[in-house]
2 protein chains.
Amino acid sequence: MADSGHGPRERMVFSAAQLIRREGVAATGMRDVAAHAGAPRGSLQHYFPGGKEQLVNEAVGWAGRYAGKRVARFLAGLDEPTPSGLFAAMAAQWTDEYRRDGFAAGCPVAAATVECAAAGTSTREAVAAAFATWRGPVAEALTGMGVPAARADSLATLMISTLEGAVLMARAEQDVRPLTTAVRELGPLLDAAVAPS
Amino acid sequence: MADSGHGPRERMVFSAAQLIRREGVAATGMRDVAAHAGAPRGSLQHYFPGGKEQLVNEAVGWAGRYAGKRVARFLAGLDEPTPSGLFAAMAAQWTDEYRRDGFAAGCPVAAATVECAAAGTSTREAVAAAFATWRGPVAEALTGMGVPAARADSLATLMISTLEGAVLMARAEQDVRPLTTAVRELGPLLDAAVAPS
DNA sequence: ACCTGGCTATGACCGTCGTCATAGTAGCGG
DNA sequence: CCGCTACTATGACGACGGTCATAGCCAGGT
């Protein structure tokens with residue numbers, strides 16, 4: 001689909017993330033990744049001598065950086081920045097995709113967590129790092145809106161975990177309602193944190 | 001471990017749920033399930049002629065019913081029932097397990113959702129049903145505490161999605177902090193819904 | 001012309017997994 | 001003892017997946 005990366009290596013990482021999003025880690029084969037990226041199969045072992053584990057870890061890392069960068073864009077797109085506005089924008093990315101393309105895909109970091117948390121140590125560290133590089137910008141944005149530093153990190157964690165759970169339930173029920181519910185119910189709580197107590 | 005079911009069939013469903021919780025659906029083999037249940041391999045095709053898909057679906061259904069029944073127990077264990085108390089009890093089940101046994105296991109329904117939402121239709125319906133049989137008792141408990149019926153379902157959805165996301169992040173970070181944070185931040189919001197506005 | 005090194009291209013190996021086929025055992029009514 | 005049914009026991013099959021091995025390109029340098 002989208003070449004999305006200049007080199008073939010980046011395309012493979014991107015394709016891996018896309019396939020993991022849909023089918024999960026175990027169901028995503030190396031051959032599938034190469035085919036989806038339009039890359040030769042032989043390039044896999046050349047660019048990723050660490051095998052599938054390395055590829056998955058890089059895909060997870062890419063997803064984490066992508067999510068972190070999106071936060072900055074969401075902030076720029078808000079006419080007046082509020083915590084609830086940021087959260088709504090984060091959720092809207094999912095509702096838009098689900099309404100447009102169906103509920104085929106979820107979060108690749110969540111998939112890697114579910115399937116690899118008990119097994120490989122390196123992948124577990126990769127998902128932890130991905131969540132950290134996602135939570136950082138969110139917490140930073142919250143402090144920039146006037147949320148006390150002590151609570152900003154907690155609220156960022158809450159936003160991300162609620163969003164992940166809502167994405168999960170939305171896929172299960174094939175309905176965006178969990179996402180819209182989360183935005184509606186959580187919004188006031190988030191905005192109430194801007195004025196220092 | 002726990003025989004936990006009278007018949008061998010129930011033991012296999014239970015074992016399947018346990019293994020899916022830890023390793024995911026794809027990484028859980030039929031042979032592993034039989035071994036974990038202490039059941040003969042041949043019993044699998046006898047009790048589950050629908051193959052792995054049927055076994056997974058039943059494991060997911062079992063998990064949903066289990067979660068639904070737990071809600072009643074949590075209610076009974078609260079000296080005075082409040083929404084935040086219920087949510088804290090639901091989260092405590094996870095924090096207790098994680099502190100006691102480590103972060104090896106997650107929610108089997110979440111695992112099945114992540115790995116099967118795009119593929120099999122029957123499993124997707126099974127996870128949707130599981131979430132429904134979980135959300136029902138929670139919403140019912142909320143109305144019993146004085147939450148308006150209109151909001152009870154929304155709050156139940158919010159509680160479950162936040163809990164699922166927090167479980168996910170807790171496993172990723174090997175830290176119960178996401179769970180405790182969710183309880184602390186979400187509690188006041190939930191209790192604020194008891195008095196009709 | 002020749003070597004080097006980044007990359008591509010395939011085929012093969014080996015393990016695993018879900019499933020099927022077939023045979024065996026245990027209990028039981030008659 | 002027979003026949004029936006429920007369940008157990010194992011071996012085999014076919015498919016697939018990750019990885020390794022080997023060989024083929026095709027620059028660019030000298």
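This is a predicted model: local features need pLDDT of at least 70, side-chain atom pairs count only at pLDDT 80 or more; totals for chains, interfaces and linings use all residues.

Q: Which residues come nearest to DNA strand D?
A: There are 16 residues around DNA strand D. A:Met30, A:Arg31, A:Lys52, B:Arg41 and B:Ser43 come nearest.

Q: And which helices supply at least two residues each of the surface near DNA strand D?
A: Chain A brings helix H2 (30–37) and helix H4 (51–77). Chain B brings helix H3 (42–47).

Q: Which gives the most?
A: H3(B) does, with five residues.

Q: What's that surface made of, by class?
A: Eight residues are polar, five are charged and three are nonpolar.

Q: Okay, which side chains have a polar atom close to a base of DNA strand D?
A: A:Gln45 is one of them, with a polar side-chain atom 2.8 Å from a base nitrogen. B:Arg41 is another, with a polar side-chain atom 2.5 Å from a base oxygen.

Q: Switching topic. Where is B:Arg11?
A: B:Arg11 sits in helix H1 of chain B, residues 8–23.

Q: Is B:Arg11 buried or exposed?
A: Buried, because its relative accessible area is 18%, and the cut-off for buried is under 20%.

Q: What does the side chain of B:Arg11 reach?
A: The backbone oxygen of B:Ala37, at 3.0 Å.

Q: How many disulfides are there over all chains?
A: Zero, from a search of the whole structure. Take A:Cys116: the nearest cysteine sulfur, that of A:Cys107, is 13 Å away. A disulfide needs the two sulfur atoms within 2.5 Å, so A:Cys116 is in none.

Q: And B:Cys116?
A: B:Cys116 is in no disulfide either. The nearest cysteine sulfur belongs to B:Cys107, 13 Å away. B:Cys116 counts as buried, at 12% relative accessibility.

Q: Last one: what does UniProt annotate for residues 86–184 of chain A?
A: An unreviewed UniProt entry gives "domain: Transcriptional regulator LmrA/YxaF-like C-terminal" for that span. In the model, the span is 83% helix and 0% strand. Its end C-alpha atoms lie 13 Å apart.

Key: Residues are numbered from 1 along each chain as its sequence is written. Chains are lettered from A and ligands numbered from 1 in the order in which they are written. Side-chain values use heavy atoms; hydrogens and water are left out. A residue is near a molecule or strand if one of its heavy atoms lies within 4 Å of it. A polar contact is a pair of N or O atoms within 3.5 Å; within protein, one must be able to donate a hydrogen and the other to accept it, and residues adjacent in sequence count only if both atoms are side-chain atoms. Helices (H or I, at least four residues) and strands (E, at least two) are DSSP runs, numbered from the N terminus. Ala, Val, Leu, Ile, Met, Phe, Trp, Tyr, Cys and Pro count as nonpolar, Asp, Glu, Lys and Arg as charged, and the others, Gly among them, as polar. UniProt positions are given in the numbering used here, feature names are shortened, and annotations may be inferred rather than shown by experiment. Buried means under 20% relative accessible area, exposed over 50%, partly exposed in between (1.4 Å probe, protein chains only).
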